[in-house]
Amino acid sequence: GKGIAVFTSGGDSQGMNAAVRAVVRMAIYLGCKVYFIREGYQGMVDGGSNIEEAVWSSVSSIIHLGGTIIGSARCMDFKERAGRLKAAKNLIGRGITNLVVIGGDGSLTGANLFRQEWSSLLDELLQNGEITADQRNKYKLLNIAGLVGSIDNDFCGTDMTIGTDSALHRIIEACDAIISTAYSHQRTFIMEVMGRHCGYLSVVSALTSEADFVFCPESPPPEDWEKRLCKKLEQERTAGQRLNIIIVAEGAIDRHGQPITAEQVRKVIVDNLQQDTRITVLGHVQRGGSPSAFDRVLGCRMGAEAVMALMEADENTEPCVISLDGNQAIRLPLMDCVERTQAVAKAMADKKWEDAVELRGKS
Ligand code: ADP
């Protein structure tokens with residue numbers, strides 16, 4: 001059978017374990033040898049015990065766990081050709097020529113580059129006498145399937161990334177808790193949520209927690225936002241509401257591209273309305289905890305589809321990313337999706353917010 005390896009890279013997210021589990025079991029079911037690569041690209045570069053064969057029971061009792069049991073890391077070595085050369089040697093040594101990469105756009109970009117260089121990496125290894133001509137020929141093809149693990153839902157091409165739904169659960173649990181105490185003391189709370197370039201978490205959590213105001217990166221507020229904010233909060237109090245909730249994405253900005261921070265918003269409210277105003281920064285709580293049913297199912301379906309894609313790949317198959325389109329798991333060209341995602345980031349940096357939203361499209 002084919003040699004397949006699975007690894008998680010970049011920021012972790014809930015549901016990665018469900019995906020790892022599905023990859024391992026589907027691969028075994030189809031008669032492949034399947035390996036874990038621990039600590040992302042670092043484990044691939046370092047080799048040794050970081051690359052370990054997985055068996056059916058290696059992935060028992062992990063579907064309910066957040067994070068990733070095989071570890072994740074940021075890896076500078078893999079950004080250099082010398083690091084990728086070592087990684088190639090370690091994979092060949094174990095007969096691995098199929099990779100399932102679970103990560104964000106950085107990790108998928110790295111995988112694509114690796115695939116483009118594969119041939120020349122093998123030539124160099126052959127020249128250095130580190131692999132045989134036989135191995136050069138046998139392992140000439142590297143197939144790649146990517147899965148997007150990210151709590152931010154910030155990747156173009158998929159409706160939902162693995163982890164987003166669980167992060168939303170964490171946020172609304174926290175908002176609900178805050179709302180009950182805010183109600184008692186007639187307080188105003190500012191909740192800072194994650195999302196550097198993508199406002200999905202802030203917008204959906206604002207909708208579902210009945211927030212009065214939301215600041216998100218793609219939709220900077222009008223110049224007179226301070227006035228509008230105060231007017232809105234006052235209106236709600238006059239109408240009998242005992243509290244106010246404001247959601248601020250960590251990447252929130254004004255129309256000049258300058259950050260709008262929770263502290264800044266608090267000052268505006270205290271100075272103008274003298275309301276008792278507190279800030280809660282949710283931070284890494286959003287990444288933690290057990291994955292929701294949705295993320296478990298998403299991870300399972302994506303993982304199984306990734307193995308199928310690798311099984312069907314031949315020399316003409318480009319690296320793919322497994323995406324959710326409505327209710328369907330589909331395969332899209334990895335590089336198109338990465339390029340679109342990067343184009344969104346550029347549009348945001350250029351303050352072309354409407355372009356960014358349009359480019360992001362369905363996701
Ligand atoms: P994410 O995958 O969550 O976007 P990063 O951007 O930090 O996270 O990428 C994770 C890892 O992927 C990096 O530490 C690096 O090892 C690898 N990587 C990212 N971009 C590249 C690249 N352009 N070339 C090679 N490797 C890359």
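**Notebook: loops, ligand shell and a helix pair**

I began with Ser61, which is exposed because it has 10 other C-beta atoms within 10 Å. My cut-offs are 20 or more other C-beta atoms within 10 Å of a residue's own for buried, 12 or fewer for exposed, and partly exposed in between, with C-beta atoms placed from the backbone. This is a predicted model, in which local features need pLDDT of at least 70 and side-chain atom pairs count only at pLDDT 80 or more, while totals for chains, interfaces and linings use all residues. Residues are numbered from 1 along each chain as its sequence is written.

Ser61 sits in the loop between strand 3 and helix 3. I take helices (H or I, at least four residues) and strands (E, at least two) as DSSP runs, numbered from the N terminus. Phi of Ser61 is near 60 degrees, a positive value in a residue other than glycine.

I then looked up Ala73, in the loop between strand 3 (51–53) and helix 3. Ala73 has 15 other C-beta atoms within 10 Å, so I list it as partly exposed. Leaving aside neighbours within four places in sequence, Ala73 is in contact with Glu39, Gly40 and Gln42; contact means C-beta atoms, placed from the backbone, within 7 Å.

Next came Asp152, which UniProt lists under "active site" in an unreviewed entry. UniProt positions are given in the numbering used here, feature names are shortened, and annotations may be inferred rather than shown by experiment. I found Asp152 in the loop between strand 5 (143–150) and strand 6 (162–163). Asp152 counts as buried because it has 23 C-beta neighbours inside 10 Å. Residues touching Asp152, not counting those up to four places away in sequence, are Thr164, Met194, Gly195, Cys198, Tyr200 and Leu201.

Asn153 lies in the loop between strand 5 and strand 6. I list Asn153 as buried because of its 24 C-beta neighbours inside 10 Å. Phi of Asn153 is near 55 degrees, a positive value in a residue other than glycine.

For the ligand, I noted 16 surrounding residues, the closest being Gly10, Gly104, Gly106, Ser107 and Gly110. Here a residue is near a molecule if its C-beta atom, placed from the backbone, lies within 6 Å of it. Helix 4 (residues 105–127) gives the most to this shell, with 6 residues.

Last, I checked helix 3 (residues 81–93) against helix 4: they pack at an angle of about 80 degrees, with axes 9 Å apart. Axes are lines fitted to C-alpha atoms, for helices over the stretch in contact, and angles run from 0 to 180 degrees between N-to-C directions.

Key
Contact = placed C-beta atoms within 7 Å.
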